[in-house]
Amino acid sequence: MISKLISAQKNGLKIPIKKRDVVLYLGASHGVTAKVISQKVGPNGFIFCIDVSPRVMMKLVKVCEEYDNMAPLLYDANKPELYKKQITKVDVIYQDVAQKNQVEIFRKNVEMFLKKYGYAILVLKTKSIDVVKDKKEVLELALKELKEFVEVVDYADLSPYHREHYFIICRKE
Amino acid sequence: MPKFRELRELHIANTKEKLSKLPDDFLIISVLRAGNEVSRNVKTLELRLKEWYMYYSGKEDRVENIAESNFDKNLADFASEIMALTKLHENLDSYLLSLMKRRCPKLTSVSNHVLGARLIAYAGSLEKLARMPSSKIQLLGAEKALFRHLKSGNKPPKYGIIYMHESIMNSENKGQAARRLASKIAIAARQDFYGVGRI
């Protein structure tokens, strides 16, 4: 299984993460994709890795000790007010959480932490939102919801690398 | 970027501290699962051993006796390994008991420690168990039967994994016993998590 970020690149998307960017990563898990982003932003960039599960956090802390531009935070992405004072405003938000209210979590964090004209990337896991519906229907609904607060730049299906996943790039207006 | 460097050090230290202060739920679940795995393997290994022993002596015997027999060195070694695993299972069980007594004494006294740990494992944590209604605790582990009932109108299930408690197994009216035990477990879990007098 390869990282969703890499699969998106392979499927022809251009990832809007530059050198010196400050990134907020929601749902960092073991930090595999976070390492990729760490290289993208370079030594002058920074990543805040947020995850709620203590089990993966143990491994993530080890990774963050190795890379000197990553910081681990054990918080629930659904409650951004809890870590509001712990982090700064960011240039990019990358979200990969398998929750039913993914888009709502995304909205809260984008509104709270993203700078103006900053990019926000959402990895949409359609199976977590609705098991029965077709993935395209779920995507339509999510896009409609997203357009209320951001501009959707581009999106792509992540098959054949990941099933039932969409990679959506947005920009804050 | 000195600001971010300081921030990173701070977050690493904070997260480590948070991780070290986690409740024992995860430990309890791990110990429970390790114990289950060991006991299941001991049973299969014992079967293998007895089958092998039959080849030499033509009869069944206890593992302890096989370990002292002198038919085959490998066979005796095998038997003593199984005895070591049995001992390991006992140790894990008493460790689980001590963990459960420390984390949730009331739940341990209402149900037994293995059932309590299984309920915590099913719910995910003691907090989630404490927030469950007793009817849900009663049916934990019987989801398949419950949804079959909701879908097709078959008989509803009376109990889930709490069936392993002896008060239900030995009772005449199992549904009533399950209901009663589940309500007591719900109260005990809440008292353990929130403290007595706060429910």
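A polar contact is a pair of N or O atoms within 3.5 Å, where, within protein, one atom must be able to donate a hydrogen and the other to accept it. In this predicted model, the rule finds eight residue pairs in polar contact across the interface of chain A and chain B, with both residues of a pair at pLDDT 80 or more.

**View 1. The side of chain A that touches chain B.** Strand 2 (46–51), helix 3 (54–66) and strand 3 (70–74) of chain A each supply at least two residues of this side, and the largest share, seven residues, comes from helix 3 of chain A. Sorted by class, the side of chain A that touches chain B holds 16 nonpolar, four polar and three charged residues.

**View 2. Extent of the interface between chain A and chain B.** In contact across the interface are 23 residues of chain A and 14 residues of chain B. The two chains bury about 1,700 Å² between them, with 70% of that area on carbon and sulfur atoms. Within chain A, the residues that lose the most area to chain B are Phe46(A), Glu65(A) and Leu74(A), which together account for 25% of what that side buries.

**View 3. The salt bridge between Glu65(A) and Lys16(B).** Across the interface of chain A and chain B the rule finds one salt bridge, in which the side chains of Glu65(A) and Lys16(B) meet at 2.4 Å, N to O.

View 4. Ser171(B) lies in the loop between helix 10 (166–169) and helix 11 (174–194) of chain B. Ser171(B) counts as buried because its relative accessibility is 18%, under the 20% cut-off. The side chain of Ser171(B) reaches the backbone oxygen of Asn173(B) at 3.1 Å.

Key
Residues are numbered from 1 along each chain as its sequence is written. Chains are lettered from A and ligands numbered from 1 in the order in which they are written. Side-chain values use heavy atoms; hydrogens and water are left out. Contact means heavy atoms within 4.5 Å. Buried area is the accessible area (1.4 Å probe) that two parts lose on being put together, summed over both. A salt bridge is a side-chain nitrogen of Lys or Arg within 4 Å of a carboxyl oxygen of Asp or Glu. Helices (H or I, at least four residues) and strands (E, at least two) are DSSP runs, numbered from the N terminus. Ala, Val, Leu, Ile, Met, Phe, Trp, Tyr, Cys and Pro count as nonpolar, Asp, Glu, Lys and Arg as charged, and the others, Gly among them, as polar. Buried means under 20% relative accessible area, exposed over 50%, partly exposed in between (1.4 Å probe, protein chains only).
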